[in-house]
Amino acid sequence: MPRKGMRSLCFSPKTQSFCESMSPSRTSLSSTPRRGFSKSMIEQTINAAATIIMKWDAETSAYARVTSLFYESKREAMQFIRSVNELQKIMHLLVSDQDSGSEKLIQAQHLMQIAMKRLQKEFYQILSMNRAHLDPESVSTRSSRTSTRSSSSDYDYDGSPENEIRAVGDSISEVEEVSSMAMSDLKSIADCMIASGYAKECIHIYKIIRKSIIDEGIYKLGIEKISSSQINKMEWDVLDLKINDWLEAVKISMRTLFTGEKILCDHVFASSDSIRESCFAEISKEGATLLFGFPELVAKTKKLPSEKMFRVLDMYTAISEYWQEIETIFSFESTSTVQLQALNSLVRLSESVRSLLTDFESTIQKDSSKAVIPGGGLHPLTIYSMNYLTLLDDYSNILTDIISDWPPPAKSSLPESFLNNPDSDESPAPAISVRIAWLILVLLCKLDGKAKHYKDVSLSYLFLANNLQHVISRVRTSNLQYLLGEEWITKHEAKVSLFAANYERLAWGHVFASLPENPTASMSPGEAKECFRKFNSSFEEANRKQISCIVPDSKLRHDIKVSIGRKLVAVYREFYNTHKSTVGDDRSVRLFVRFSPEDVRNYLSDLFFGTVNRSKSSSTSSSTSSHRRHVQSPLRA
């Protein structure tokens, strides 16, 4: 702060300079009428003040040079303060009649200078020697347990700091007691010096020592000056560590560092709002601006990978969560730049989030891999995208703020067949819900294109069913279900059922067709043999193709198996039981009837795990039917 500005602050009407405070034109002297003090009383007051002030004059007393007044005797320290206050009153009276009291006035001025030097030294010592006890954490803890003692305009010290601490009782620890005592001593000295016109000297000492504590605290929390170019050159791992440090630094800074410092500043300089504001601003503004400037630098990084969005959201969340504290702690006009910096960081972070969401959408749309997933399983893009979206859901409240005024996505970028949502215009959904639904729609559209790469159409439907089921499962097991709603889930579950039905029709339809519509209808041995032959051939072929298919979701896997089994096993069982004997003798049965109903059921139970479950098949066959052994070789071929 410029010298002129500081001087005008320190010697404002609330903290007048000594010369101004003794001006004859001041009306406050009426509170202490000249007639109330005889010459002897004035002399007695000055002499009494001289006794204690000179005792603690470091220039004339070796004892005073090596001893702390406030540490040696708190009672004598309070007497020293009272004497200075009385001396100040006498000086006000003497200045009204300089001719008769000029010598006494000069003597009083000399004593006042000595007293102020002593109090400066004490103020410095208390601040320096109690760095550990006046650390922001101790101060903020003390404040939460005890209320700030109200200042008294007439310095009535009958309620001494010892009594104040004693009144708190055993509710505070020894460290907090030392902290409270030091705060009270500092306030006593500051009140006295300010009232005596020595605010500038008091403030100077306070700012130097306390700013060094804040700056040291910020540095120890890992916050340092860094440029945008340095951020751009950093490897992500290094930047990630710095973001981690910053997140912890914000938490500690807002809970203890700046909170504790403001509490201390407010307490020590309770007698002057302007001094309190000036001190706290000069002590904290630089460190706080540095702290809240870091997220803006990160947000301005030229290229952040889309998966690093969560770090950006973490920083946005941290500032948002402490915004009320930021407004409260940095409420002065002189600290408005701190609020402005925090707000700028929020704006930059929100812009970065929007940009990263756009990049994420672009990543999905630009995925050009044409390799098909074996067995119609989950595509890596599906897994990646849903992991990303479910993590985003953890920040849904923050994202709601960020994208509330973001224009909705341009639907023209997707095929019209994917945009059938008649309810969307009638009841507009929240912006965050629209954005999440849109990103999933982009993913599903991309998956639809990838399904076309399968040569086997039935596999393309199984692929779509698997991937959509994974999407729905992730939605149901996360808070995305509340953003997208039950209607969205039901609609897409119906699509899964449709995909599964199409897979079943294409993959197993020819097996169903190999059995007669009426399995119990009478037929000749030749017709029975032909039916069994067709069933054997079609079932072997279907099983050979589908045994490599995979359905990761247990419920979908069970539903598909149950559906196939209901249409196949039950019908085949009726046909088997009715026409096994129609085929002919045992030799004909062994030749044409290769599968029992239990064999069919067991083969179906092995499906959709992606591999042939040989051990299960062989162990099951030994307990069900010898026919299973006869057909293992062609099925495995």
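**Briefing: core and helix packing**

Beyond its neighbours within four places in sequence, Trp508 is in contact (heavy atoms within 4.5 Å) with Tyr503, Phe539, Ala542, Asn543, Gln546, Ile564, Leu568, Leu604 and Leu607. The model is predicted, with local features needing pLDDT of at least 70 and side-chain atom pairs pLDDT 80 or more, while totals for chains, interfaces and linings use all residues. Residues are numbered from 1 along each chain as its sequence is written, and side-chain values use heavy atoms, leaving out hydrogens and water.

**Nonpolar core**
- The largest nonpolar core has 173 residues, of which Phe123, Phe269 and Trp508 touch the most other members.
- Such a core is a set of buried (under 20% relative accessible area, 1.4 Å probe, protein chains only) Ala, Val, Leu, Ile, Met, Phe, Trp, Tyr and Cys residues joined through side-chain atoms within 4.5 Å.

**Helices 23 and 26**
- The axes (lines fitted to C-alpha atoms over the stretch in contact, with angles from 0 to 180 degrees between N-to-C directions) of helix 23 (residues 525–546) and helix 26 (residues 597–605) come within 11 Å and cross at roughly 15 degrees.
- Helices are DSSP runs (H or I, at least four residues) numbered from the N terminus.
- Helix 23 and helix 26 are therefore roughly parallel, a term for angles under 35 degrees.
- Phe535, Phe539 and Asn543 of helix 23 meet Val600, Tyr603 and Leu604 of helix 26.

**Helices 11 and 14**
- Helix 11 (residues 199–220) and helix 14 (residues 273–299) have axes that come within 9 Å and cross at roughly 25 degrees.
- That makes helix 11 roughly parallel to helix 14.

Technical notes. Buried < 20%, exposed > 50% of the residue type's maximum accessible area, 1.4 Å probe, protein only. Helix = DSSP H or I, 4+ residues; strand = E, 2+ residues; numbered from the N terminus. Parallel < 35°, antiparallel > 145°, perpendicular 65-115°, else oblique.
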